[in-house]
Amino acid sequence: MKNIFAGLESLGLKGTDKVDVFEEKTEEKAHEQAEHQEKKKEVTEEDLLFEKSYTCPVCDNEFKSKMVRTGKVRLAGADSDLRPKYMGVDALKYDAVLCPKCGYAALNRYFNFIMARQAANIKEQISKTFTYEDKEDKVYDYDDAIMRHKLALLNTVVKNGKNSERAYTCLKLAWLYRGKREMLLQQEEHDKDEVIQLATEEKELLTNAYEGFESAFSREDFPMCGMDQYTLLYLLAELARRIGDNEAAARHVSKVLVGKNVQKRIKDKAVDLKEKLHTHE
């Protein structure tokens, strides 16, 4: 190719015959392509986690527990009973914090709030016989998560926790059984009996969550578990529907529909739920 820079030698610029006009742009394009490929690289569940440090309020043991980097996960949607669904990870698996030394466990929002009398009960009824060997896996599978949440539920009972905490823990545990069932159903070959058992476990826990929240509604202050009264009323209605009590579901949802200052998102869900009840979905 003819040297289009010919004549610049008089200005002291040599070697211009080897300059490719578009070479730099080609390199820049290659760099951009490499960056694009890096961005397209699949994000793993492990990439979305970090180790958070805790000090156990029961035994003062310092330990770490896996948590989800909230700034890195994207909400993909939610089930009708408000179960959140995220892209790339089921964040619900990481909500129960467990002290590996004494066996104290609770949902993250409750972990640090415990009275001396409650701690004494846990030491007496759980810590004395508790043994735990951390597998040190990079992520929690559903069985790990279910075990941790079961232990959190047992702790709420032993420490005589509020009905709302017991109900919320039951609800989170029910969602984990659902998540595991959905994961199995995505596999071409799965144990049908296990799927049925998971659905049964889920329904039992949803029943406990409903009963606990209904009891807490008139006895505890709002916000409750991060919910205002209309959000909880909607949740009660949807839980009642899922466990087969359509009469209770209709009673609760009607209160949401006539309520004042109800969030639009909740009112819209209540309208959808009323339609489901009418069509016996």
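This briefing describes the fold of one protein chain and then a few of its helices and residues. The model is predicted. The chain has eight helices and six strands, and 42% of its 281 residues are buried.

**Overall layout**

- Along the sequence, the elements of the protein chain follow the pattern α-β-β-β-β-β-β-α-α-α-α-α-α-α.
- Among contacts in the chain with a separation of 6 or more, 62% are accounted for by residues 24 or more positions apart.

**Helix α2**

- Helix α2 covers residues 116-127, and its buried residues are Gln118, Ala119, Ile122, Ile126 and Ser127.
- Viewed down the axis of α2, these buried residues fall within an arc of 105°, so they line one face of the helix.
- Ala116 and Gln125, on the other side of α2, are exposed.
- Helix α3 (142-158) is included in what covers the buried residues of α2.

**Helices α4 and α5**

- Two packed helices are described by the angle between their axes and the distance between the axes.
- Helix α4 spans residues 163-185 and helix α5 spans residues 192-217; their axes come within 8 Å and cross at roughly 160°.
- Angles over 145 degrees count as roughly antiparallel, so α4 is roughly antiparallel to α5.
- The crossing of α4 and α5 is left-handed.
- Sorted by class, the residues in the contact of α4 with α5 are 17 nonpolar, five polar and six charged.

**Gly179**

- Gly179 is part of helix α4.
- The relative accessibility of Gly179 is 3%; buried means under 20%, so Gly179 counts as buried.
- With neighbours within four places in sequence left aside, Gly179 is in contact with Arg83, Asp90 and Tyr142.
- Gly179 and Arg83 are 96 residues apart in sequence, and their C-alpha atoms are 10.0 Å apart in space.

**Asp60**

- Asp60 sits in the loop between β1 (49-55) and β2 (62-68).
- Asp60 has 60% relative accessibility; exposed means over 50%, so Asp60 counts as exposed.
- From C-alpha to C-alpha, Asp60 and Cys99 are 9.5 Å apart in space, and they are 39 residues apart in sequence.

Definitions and conventions
Residues are numbered from 1 along each chain as its sequence is written. This is a predicted model: local features need pLDDT of at least 70, side-chain atom pairs count only at pLDDT 80 or more; totals for chains, interfaces and linings use all residues. Side-chain values use heavy atoms; hydrogens and water are left out. Buried means under 20% relative accessible area, exposed over 50%, partly exposed in between (1.4 Å probe, protein chains only). Helices (H or I, at least four residues) and strands (E, at least two) are DSSP runs, numbered from the N terminus. The arc is that of the directions from the helix axis to the C-beta atoms. Contact means heavy atoms within 4.5 Å. Axes are lines fitted to C-alpha atoms, for helices over the stretch in contact, and angles run from 0 to 180 degrees between N-to-C directions. Angles under 35 degrees count as roughly parallel, over 145 as roughly antiparallel, 65 to 115 as roughly perpendicular and the rest as oblique. A crossing is left-handed if the near helix is turned anticlockwise from the far one by less than a right angle, and right-handed if clockwise. Ala, Val, Leu, Ile, Met, Phe, Trp, Tyr, Cys and Pro count as nonpolar, Asp, Glu, Lys and Arg as charged, and the others, Gly among them, as polar.
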